[in-house]
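Please keep the sequence and the structure in view while reading.

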Amino acid sequence: MAACGGSDDTAGAGASSTSDTGPTTTSTGPGSGPGSTGPGSTTTTTTTTTTTTTTGTGGGGTGGSGAGGFVPMCIDSTDTILALKSLDFGDGSANGWEGLGFDLDNLVSTAGSTGLCTTPRPATAYPDGTAGIDNSFGKNVVPALDQLTGQMVGGQANSGIASGSFTLMIDIPGLTMDADQGPLTANIYGGGALGHHPAFDGTDCWPVTPESLSNPNDITTPTTQFTMVQVAGNVVTTEIIPQMDLVFTTQAGAIGLTLHQARLSFTLSADHTQATVGQLGGVVDKDQFKAEVQKAIAGILALICHNADSAIDDAADIMDDGTQDMGMQACTGISVGLGFTLSQVKLGGISPATPPSGATCPP
């Protein structure tokens, strides 16, 4: 892979350099990765000249760690790679949550509906949003987080994206300019700290978090992948997959959403460099999400931890596998719906691992 973009006293690992006079391709920087090419990619090296041809996402190791610290190094690729430019949690307008997400359980539910899992406060968890959209997260959890952190969660998350703290990237190999195509594959990558404010003009080299890779040293091994992506009239839709992760920042700390039964849709611009009307939906396990929130806010006040727990429990409206349970079991999940926009970027190597948080709320 050819490298472009930022530089450091030590070259980023996985940023490959090709010699014009020698027959080999080398990687520099401590802890460099294998520099493997992605699916469908080919690398050919002769004994007299060196030619590297890439048609998929390139490989690479972690970035260099010279005096200037980690600096993302662009990975050349012909893939279309789109990153979150904004997130919509529904807290920017009255009842904004109602149109975000999907009808996950194929039911239009109210507090008086039967055939649902049991929840402590049915009048809180229901009714559903527009045409049965399931988004108790936007309806109940987001307002609670707004109150606990003192600011709208949507604004906090978007400030993090605008400052280059995090993003989520969707890599779609083989996407052409056609308005109708598919099936395609979409690789999902977590975006680590960029180190500066993104331009969102296609030149940003946004690093990949090792936590979003099955092999933290190989950028071609995303843990999350959609394999049945369809494009119709420039509207992209995906199949439902078992799990997808999204981490967003707040004033209290980073909060992770592990979405079960996750799906995406968004509308591409004519040149496929932007996307709008994005919808992300799925279900978070109530107790798992509670632990995530506790880690983020444990350092504030024990009272806040208690209030967050209560708000999360009251928001439970579905089973964590996206189904309902005919009232026989307590709801174990919270339906989630988020809106988003996307803008084209480049992959910027693999960022350093995120240090684990040892904070917990008191029992």
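## A buried aspartate and its partner

Aspartate 314 has a relative accessible area of 18%, so this residue counts as buried. The model discussed here is predicted. The side chain of aspartate 314 meets that of arginine 121 in a salt bridge, with 3.1 Å from N to O.

Is arginine 121 buried, exposed or partly exposed? Its relative accessibility is 48%, so arginine 121 is classed as partly exposed. Side chains of opposite charge can pair when their charged atoms come close.

## A network around lysine 290

The whole structure holds five salt bridges. Lys286, Asp287, Lys290 and Asp313 are linked by such bridges into a network. One of the links joins lysine 290 to aspartate 287, at 3.9 Å from N to O. Both of these residues lie in helix H4, where three residues, about one turn of the helix, separate them. Lysine 290 has a relative accessibility of 13% and therefore counts as buried. Aspartate 287, at 49%, counts as partly exposed.

Lysine 290 also forms a salt bridge with aspartate 313, and here the closest N and O atoms are 2.8 Å apart. Because aspartate 313 lies in helix H5 and lysine 290 in helix H4, this pair ties together parts that are 23 residues apart in sequence. Aspartate 313 has a relative accessibility of 23% and is counted as partly exposed.

## A buried lysine without a salt bridge

Which side chain of opposite charge is nearest to lysine 139? It is that of aspartate 128, 7.3 Å away. A salt bridge needs a side-chain nitrogen of Lys or Arg within 4 Å of a carboxyl oxygen of Asp or Glu. Lysine 139 is buried and has no salt bridge.

Lysine 139 is part of helix H2 (residues 136–149). Leaving aside residues up to four places away in sequence, lysine 139 touches Trp97, Ala123, Thr124, Ala125, Tyr126 and Pro127.

## An exposed glycine in a loop

Glycine 150 is located in the loop between H2 and helix H3 (153–162). Its relative accessibility is 59%, so glycine 150 counts as exposed. In sequence, glycine 150 and alanine 252 are 102 residues apart; in space, the distance is 9.5 Å, C-alpha to C-alpha.

## The largest pocket

How much space lies in the largest pocket? The volume is about 1000 Å³. Its lining is made up of 40 residues, and those nearest the centre of the pocket are Glu211, Val247, Ala254, Gly256 and Thr354. Two or more lining residues come from each of these elements: S8, strand S9 (181–191), strand S13 (241–249), strand S14 (254–268), strand S15 (274–285) and helix H4 (286–297).

Sorted by class, the lining of the largest pocket has 18 nonpolar, 17 polar and five charged residues.

## The cavity

A search of the whole structure finds one cavity of 30 Å³ or more. The largest cavity contains about 50 Å³ of space. The residues that line the largest cavity are Leu84, Leu87, Leu168, Ile170, Met244, Leu264, Leu280, Phe340 and Leu342. Strand S7 (80–88), strand S8 (167–172) and strand S16 (333–344) each give two or more residues to this lining.

Which classes of residue make up the lining of the largest cavity? There are nine nonpolar residues, no polar ones and no charged ones. S8 gives two or more residues to the lining of the largest cavity, and S8 also gives two or more to the lining of the largest pocket.

## The chain as a whole

The protein chain has five helices and 17 strands. Of its 363 residues, 52% count as buried. Among contacts with a separation of 6 or more in the chain, 67% are between residues 24 or more positions apart.

Definitions and conventions
Residues are numbered from 1 along each chain as its sequence is written. This is a predicted model: local features need pLDDT of at least 70, side-chain atom pairs count only at pLDDT 80 or more; totals for chains, interfaces and linings use all residues. Side-chain values use heavy atoms; hydrogens and water are left out. On a 1 Å grid over the protein atoms alone, a cavity is a set of points where a 1.4 Å probe fits but cannot get out, and a pocket is an open set with protein on both sides within 12 Å along at least five of seven lines; lining residues have an atom within 4 Å of a point. Grid points are joined across faces, edges and corners, and a volume is the space filled by probe spheres set on the points. Helices (H or I, at least four residues) and strands (E, at least two) are DSSP runs, numbered from the N terminus. Ala, Val, Leu, Ile, Met, Phe, Trp, Tyr, Cys and Pro count as nonpolar, Asp, Glu, Lys and Arg as charged, and the others, Gly among them, as polar. Buried means under 20% relative accessible area, exposed over 50%, partly exposed in between (1.4 Å probe, protein chains only). Lys and Arg count as positive and Asp and Glu as negative; His and the chain ends are not counted. Contact means heavy atoms within 4.5 Å.
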